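We will go stop by stop.

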Amino acid sequence: MAPWLTVVGIGEDGFSGLGKQARRALLSGTRIFGSPRQLALLPRCVTGERLHWPSPFSLAPVLALRGSPVCVLASGDPMFYGVGASLARQVPADEMQVLSMPSSCALAAARLGWALQDVQVVSLVARPLAALNAHLHGGLRLLVLSNDGDSPAAIAALLRERGFGPSRLWVFEHLGGEAQGQLHGQASTWQHGQTAALNLVAIECVAAPEAPRLHRLAGLPDDAYRHDGQLTKRDVRAITLGRLAPEPGQLLWDVGAGCGSIGIEWMRAHPACRAVAIEADEGRQGLIEYNRDALGVPGLHLVRGKAPMALEGLEPPHAVFIGGGVTRPGVLAHCWSSLRPGGRLVANAVTVQSELALAHFKAQHGGELTRIHVAHAQPLGAFDTWRQALPITLLDVVKPADA
């Protein structure tokens, strides 16, 4: 099928800033989809029917016209956090053409003199502000796609709260258009209120001395979490996540999640990693919700309930961690049967009974048992001595690809 769908990236300079091919497509288009702001940028000589996106947003009206000539307007580069990327997931590449303009991030980087490949881009469009927490590191430069005119002040407040008050901020409004404007300041003294709804925030992250150092590797400090004692401790957590081996796009079930540390660090390993935390205790559910936001992974999905009943209907995982409940009837069996072929199951045990359950499981399905001993030096009078933590038995097993 010849291309029936044309996605046109348009900047704040409107129709006059488009290339010949994009202008020709819009002038000949019979139906043109876009937001009210984008459609208002078109002159009267564009006579095609102007169609607003439905609310709530849906691609269905465009997909229903498959085979008929359709134009879609997008801001800047349609394939960069834009509607073009969404359409490309449902429309074959040979049925659509994309005519791009510079993205707002490209324009901002050019204004600042920042090399775009060295900048981390974060979108807060229809996403929780807490997602920014995962990207706060001293010396890092961020370009943040704002959700609305309240976003810059909220971002400044978040930076202050997280110990990044010395960070420098730039707010670019209506980049590339006649109404473009710029605000600049430090997060600690930011006093600007609401800005233009269409804005982008650039951040040069500077950590105050008291800011937590939260690296991306497995094994965050235990005090990075709020917990009631049900926490996989730092050293064991690092070993456990090493065995789980998170990969981009994969889904983890964290069964008996406690305060959520395993699922959180799984998701921090890569932005595309996903996790479900299954927890029955109400108090710990609240801790999971706090920790996932504080550590920048608000997308962690919390399932409130007890395994194995709470596992029914969940998307099959690529990996499973069982931190508690291996002796509960049906938990190991359900997790194993739900696990995708080639997936990994890791379970930790501290009691004799749970250790026996893992040994029986290994006898049936194979895998590897590892005993973990961790000791910490602690004061004893004027000296130090080793204090042994409870030993952990870890089961690591991969499900056969043909299972």
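Contact here means heavy atoms within 4.5 Å. The model is a predicted one.

**Stop 1: Tyr225.** Select Tyr225 and show its surroundings. Setting aside neighbours within four places in sequence, Tyr225 is in contact with Leu220, Leu231, Arg237, Cys259, Ser261, Ile264, Glu265, Asn291 and Leu295.

Stop 2: Colour the contributing elements next.

**Stop 3: two cis bonds.** Stay on Ala307 and step to Pro308. The peptide bond between them is cis, with omega near 5 degrees. Pro308 sits in the loop between strand 13 (301-304) and strand 14. Then jump to Ser55 and Pro56. A cis peptide bond joins this pair too, with omega about 0 degrees. Pro56 belongs to the loop between strand 3 (49-52) and helix 3 (60-63).

**Stop 4: helix 10.** Select residues 331-338. Is helix 10 mostly covered or mostly uncovered? Mostly covered: 6 of its 8 residues are buried. Those are Val331, Leu332, His334, Cys335, Trp336 and Ser338. Show what they pack against: strand 11 (251-255), strand 14 (319-322), strand 15 (344-349), helix 11 (352-365) and strand 19 (392-398).

**Stop 5: Thr195.** Look in the loop between strand 9 (181-186) and strand 10 (199-204). Thr195 has a relative accessible area of 11%, so it counts as buried, the cut-off being under 20%. Its side chain makes a polar contact of 3.4 Å with that of Asn199. Beyond four places in sequence, Thr195 is in contact with Gly149, Pro152, Val171, Glu173 and Leu183.

**Stop 6: positive phi.** Finish with two non-glycine residues. Tyr81 has phi near 55 degrees. Find Tyr81 in the loop between strand 4 (70-75) and helix 4 (83-88). Its relative accessible area is 45%, so Tyr81 is partly exposed. Ala245 also has phi near 55 degrees. Ala245 lies in the loop between helix 7 and strand 11. At 30% relative accessible area, Ala245 is partly exposed as well.

Notes. Residues numbered from 1 in each chain as written. Predicted model: local features only at pLDDT ≥ 70, side-chain atom pairs only at ≥ 80, totals over all residues. Heavy atoms only, no water. Buried < 20%, exposed > 50% of the residue type's maximum accessible area, 1.4 Å probe, protein only. Helix = DSSP H or I, 4+ residues; strand = E, 2+ residues; numbered from the N terminus. Polar contact = N/O pair within 3.5 Å; in protein donor to acceptor, adjacent residues only side chain to side chain.
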